[in-house]
Amino acid sequence: MKKNQLLACAALLCAASSVFAQTAPATPAPPARGPSFELALEAAQAAIDSCKARDQKAAVSVVDSAGVLRVLLATDGASSRGVSSSTNKAVTALTFKAPTSQLAERVKTDKELADKIAANTNFNARAGGVLLSVGGEVVGAVGVGGARGSNVDEECGLVGVQKIQGRLR
């Protein structure tokens, strides 16, 4: 009886190993494009400095092409709402491949877009989210939140983008 049990186990192991041998290993996803940590930090710092020069308490988030938060900086006195807003604006710009100031205008007349944005609490279609791109390909985004007036958020974000744009790969 033990011999039969051993043969049965051996047969099961052979069958299982042939199934696993035929299964191709999963191909890892390509790495996300976007700014290196150093460039993301430089962009965020330039945006923060721009806000501080305007006496604005704000936060800056930089995400890569996969929406992964690379850097988040906040001035002393920045609100928690400004912090979350900065990340949401960056993710929104990245997701819709457009600056959030443009999206803010489009939602006024595009009900489908307005509904998509309203359906996700991680989206924010107020100005302040700007794209990072290389050769027409979006590789990330910068979001600024918390300044008085979302147009100021966007102006600060653009300073960050301009600081690193020529060095993005």
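Colleague: How many disulfides does a search of the whole structure find?

Modeller: This is a predicted model, and a search of the whole of it finds 0 disulfides. A disulfide would require a pair of cysteine sulfur atoms within 2.5 Å, so the count of 0 says that the search found no such pair.

Colleague: What makes Cys51 and Cys156 count as buried or exposed?

Modeller: Cys51 has a relative accessibility of 0%, and Cys156 likewise stands at 0%. Buried means under 20% relative accessible area, and therefore Cys51 counts as buried, as does Cys156.

Colleague: Why is the contact of Asp153 with Lys89 called a salt bridge?

Modeller: The closest N and O atoms of Asp153 and Lys89 are 2.7 Å apart, and because the cut-off between a side-chain nitrogen of Lys and a carboxyl oxygen of Asp is 4 Å, the pair qualifies.

Colleague: Why is Lys116 called partly exposed, while Glu112 is called exposed?

Modeller: Exposed means over 50% relative accessible area, with partly exposed lying between that and the 20% limit for buried. Lys116 has 45%, and is therefore partly exposed, whereas Glu112 has 55%, and is therefore exposed.

Colleague: What makes Lys108 exposed, and with which residue does Lys108 form a salt bridge?

Modeller: The relative accessible area of Lys108 is 62%, which is over 50%, so Lys108 is exposed. Its salt-bridge partner is Glu105, with the closest N and O atoms 3.0 Å apart.

Colleague: Which helix gives the most to the lining of the largest pocket, and what classes of residue make up that lining?

Modeller: Helix 3 gives the most, with 6 residues, and helix 3 and helix 6 each supply at least two. The lining comprises 14 residues, of which Arg81, Ser85, Asn124, Arg126 and Gly146 lie nearest the centre of the pocket. By class there are 1 nonpolar, 9 polar and 4 charged residues, and the space in this pocket is about 240 Å³.

Conventions
Residues are numbered from 1 along each chain as its sequence is written. This is a predicted model: local features need pLDDT of at least 70, side-chain atom pairs count only at pLDDT 80 or more; totals for chains, interfaces and linings use all residues. Side-chain values use heavy atoms; hydrogens and water are left out. Buried means under 20% relative accessible area, exposed over 50%, partly exposed in between (1.4 Å probe, protein chains only). On a 1 Å grid over the protein atoms alone, a cavity is a set of points where a 1.4 Å probe fits but cannot get out, and a pocket is an open set with protein on both sides within 12 Å along at least five of seven lines; lining residues have an atom within 4 Å of a point. Grid points are joined across faces, edges and corners, and a volume is the space filled by probe spheres set on the points. Helices (H or I, at least four residues) and strands (E, at least two) are DSSP runs, numbered from the N terminus. Ala, Val, Leu, Ile, Met, Phe, Trp, Tyr, Cys and Pro count as nonpolar, Asp, Glu, Lys and Arg as charged, and the others, Gly among them, as polar.
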